[in-house]
Every structure is written in structure tokens, then in C-alpha cells.
Amino acid sequence: MTDKDTGESTDEPKDEKDTPSDDLVSAQHSITVKRRKLNYTTTTGRVVLRQEVSTDGKFDGHQPKAEVFVTTYTLDGADPKTRPVTFAFNGGPGSSSVWLHLGLLGPRRVVTGDVGEMAPPPYELVDNAETLLAHSDLVFIDPVSTGYSRAVKGENPSQHHGYQGDIDSVGEVIRLWTSRNGRWMSPKFLAGESYGTLRAAGLAEHLQSRYGMYLNGLMLISSVLDFTTLDFNENNDVAYALFLPTYAAIAHHHGLHGDRPLADVLAEAEEFASRDYPWALARGHRLTPDERAATATRLAALTGLSEDFVDRVDLRVEHIRFFTELLRSQRRIVGRLDGRFSGWDADYGQEHMSEDASYAAILGPYTAALNHYVRAELEYANDLPYEIIARSVNPWSYKEFEGRHVTVTRKLASAMRANPHLKVHVAFGYHDGATAYYAAEHVLAHLAIPEELRANIESAYYPAGHMMYVHEPSRVQQSKDLADFVKSASNR
């Protein structure tokens, strides 16, 4: 645009600060693992995602859409053709990758303590001698609006706050990193936790069909691939049965099964949950008084709840109700993410607890550790708040599943059929009240894959919760299990 009198341009020059660019920083580090010194490079910062845009059939270029925060660990001097790389993220939706990053996989970890012995502030970061970095490079991804990731100026972040938008943006980060770092020939893995398992399964199919990128393996930690299995409502009895073994495990931890071994309690709960309990729920008011009474007695014994409570909720124990009710007489509530935890509430007469005692216990250590670590050791500075859990992503869009339940089982099965070398490791926490282990088993048993591919799925169980690595013996064992999986599935 020009001034009609002078002929000079009246447009102000575009501020270069308005054009986003990658702000990555690198640093050198080392760690000793089993007497072996590992020298590695960290690369930390935000990567700009761009989209090809056309208007009226004319190409407008690659327009910036979002800046996604990543933290990368690469072993110095490794051969990229044989060196695996693992892309890791948590769930939520709305969670940053801090939990897997500083709790399990990374070369540095936060010391949180555990049930009854939580560490007080200020917290401590220590070397993680069990880090997966000994076996794989690591790329931690914070989806848009979590961590330091944000939509760019003028863009609506909600386009990334939904199933497909999230798959597209995280998938683009993986494609960009793989291309820019010359890693298309490397063994590649995805590690997701909670909603991150649904994301990982969807990404496996997306990366194959969109980019032709075939993976070696998926690490599904605290898995949820089908929301039907955790949807408690009057039209779905499935979740009530599938959560029963978890209730029994939590009741066992809190001493409500006497000195019975946990394995015996779980075997009884699984047997009841697989046959008699679903039958009783399906019968509804066709149950005879004696059948109803027998079901209530069995449920009460397994869950640690009173027969009166079980009867009053019509034999259907919803999970938040369970966490609120189990220790009500002791004026305690039970954790959802990890039922081994218990805590206080302001009102012990209410139906639903005010907060999750297990989440409250670990939020402080992880938040402090990340905010210190990113500046002091990774040498990355950003004045934005690091969003551990971003509430701004809600409501999360599932428009792709309109009229049907949310599930990625078909996508995972499709990915496994197309890529018969794809291996899947599934980690279960017996005390996980968010993604019940028996519910995940149920989903895996119904995957539409040929029998010969079922051997590609391996399972690992831990006597802990959603973030099973909070429990130190589980963390050490899980680290070994994941290392063995990566080595086995790398085909090198």
C-alpha cells in the first residue's frame, strides 16, 4: 500500500519478532551407567510447526501454526543406523511429558519418595542409572499448550486440542525431527502414558499411512485404548466389572484382605469380574433377591466396601465413589492415580472426594524439578509458565468419533497387520485407579489381529499405580523391562 501524495509505502516493516523460529539450545553432559561413561548431547527448545496453505487454489506458503517444546538426548558418537530413538509423551489430555522425562526414562530423575515417606521440599535431582538413554536416544514432546508449547500469534490453539489435531501436530514433530537428524533408518519407538497410549496407537497408524514411517515398537504405560472400558454410566456396565480387580488390589493394600497374598485376591476378583459379575449386572431387576444378595456379599468382600453401600449403588461401584468411600470410616480418601496413597479431605460426608491424594503428592516435586532442570542444566530459558497439566485444552474434541465411542483399537490393529514387525509392550499398575489393568487386558484381548501377531504383544505388571515408577522397586524393574524391549525389538 502506498501514500497517494508521496508514493511511498505506508506499510510498517514487519517485525522479525513476529515471525517465529526454532529456539533450540544444546549442551554437553555425561552419566555413568554400570561403569560405562555415556557422553550425550541435549537439545532443548521449541520447534516451529508449519502448514502448507492455499487460498483460492494458489499456494500461500508454509504458514507457522505452533511452537512445540522438545527435549532431546542423543548419545555422542553413536551410529544412527543402529542407534534406536524413542519419542515419549504423557497423556491428560493436557499433560506435559515431565512424568516420563524426570520419573522414568531420562538421565536425570527427581527423588519424590513414596507412600508414607514423601520427600519434603526443596527436592533433589539425581542421575538416573537406569535411564533408557543407555539403549536409545530420547525425544520428549510436549503437545501444544502443555509445557512451553503454544500456538503461534494469531492462531487458535483449539485446532490442536482434539484427537486428530493432536495426532497431526505430534506426528509432524516426529517427522521433522527424524528428517532433520537423519534418522529415517534408525529403529524407532513411541512411549506413551495414559492418554499418551491412545495417542501412540493412533500415531503408529498415522505415521505409517501418512508418511510411510514404520516403527519398531510401542511402549504403552498405563494403557487406555478404548474409552468404553472406563466410561461409568447407566448405559455401560462394562467399566464396573473391569475396574473390580483394581478395587480389590487397593483394598488389599489398605489391609482389608487380611494376610491373603495379592495374587490370590486378584485371581478371585478377575474370575468374578469375568463371569458372575457381568451376568448379574446384565440381569438387572431380573435378579432374584437371593442372587442380588449373593452378588452384593461377594462385591463387598472383594472391594472392602460394606454390603449396604454396594446395595445402595445398585451393585455398580463407580471409581470416584470407591476412592471416597473405602476409608471413609478412617476419615481418609484414596488416591485415583495410585490407590496406595491416601489423604485428608474437608468433608467426609460428601459423595466425591475433593482432590486426588496421589496427584497432590507428586505434583510439587516434578514441577520444581522441571523448572530448575530446564534452566540450570539444559540451559534453556523461557519466561512462560511451564504447564505441567494444561487445563486450557478442555473441552478436548473427539469430533472424529461422533456417534460412536472413542477407541483406537482398529488403528492399532491396522498398524500391526500392515507392519508385522511392530512390537507392543504394555505396562500395568495393579493400583492404578485411572486406567485399570484388567480393562486394558480386555481391550488387548479383542484386538483384530491374526493369532500369530499376538506374540508381538508383551505385558509387564507392577505393584504400584498409574505412574508405577514412583514405587522404587517398580521403577528399577520397569527400566529393565523397557530396556530389554527396546533391545529385542530393534532387530539389530
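**Rings and their neighbours**

Guide: Let's start with a charge: Arg 175 has its charged end over the ring of Tyr 211, 5.7 Å from the ring's centre. Keep in mind that this is a predicted model.

Visitor: How far is Arg 332 from the ring centre of Trp 344?
Guide: Here, too, an arginine lies over a ring face, that of Trp 344. The distance from Arg 332 to the ring centre is 4.6 Å.

Visitor: How many aromatic pairs does the structure hold?
Guide: Two rings pair if their centres lie within 6.5 Å. Counted that way, the total is 25.

Visitor: What kind of pair do Phe 69 and Tyr 148 make?
Guide: Their ring centres are 5.1 Å apart, and the planes meet at 85°. Planes over 60 degrees apart count as edge-to-face. So this pair is edge-to-face.

Visitor: How many residues apart in sequence are the parts that this pair, Phe 69 and Tyr 148, ties together?
Guide: Phe 69 lies in strand 3, while Tyr 148 is in the loop between strand 7 and strand 8. The pair therefore ties together parts whose separation in sequence, in residues, is 79.

Visitor: Is Phe 69 buried or exposed?
Guide: Buried means under 20% relative accessible area. Phe 69 has 3% relative accessibility, so Phe 69 counts as buried.

Visitor: And what kind of pair do Phe 69 and Tyr 380 make?
Guide: The centres of these two rings are 5.3 Å apart, with the planes at 50°.

Note on methods. Residues numbered from 1 in each chain as written. Predicted model: local features only at pLDDT ≥ 70, side-chain atom pairs only at ≥ 80, totals over all residues. Heavy atoms only, no water. Phe/Tyr/Trp six-rings, centres within 6.5 Å; stacked < 30°, edge-to-face > 60°. Helix = DSSP H or I, 4+ residues; strand = E, 2+ residues; numbered from the N terminus. Buried < 20%, exposed > 50% of the residue type's maximum accessible area, 1.4 Å probe, protein only. Lys NZ or Arg CZ within 6 Å of the ring centre and 35° of its normal.
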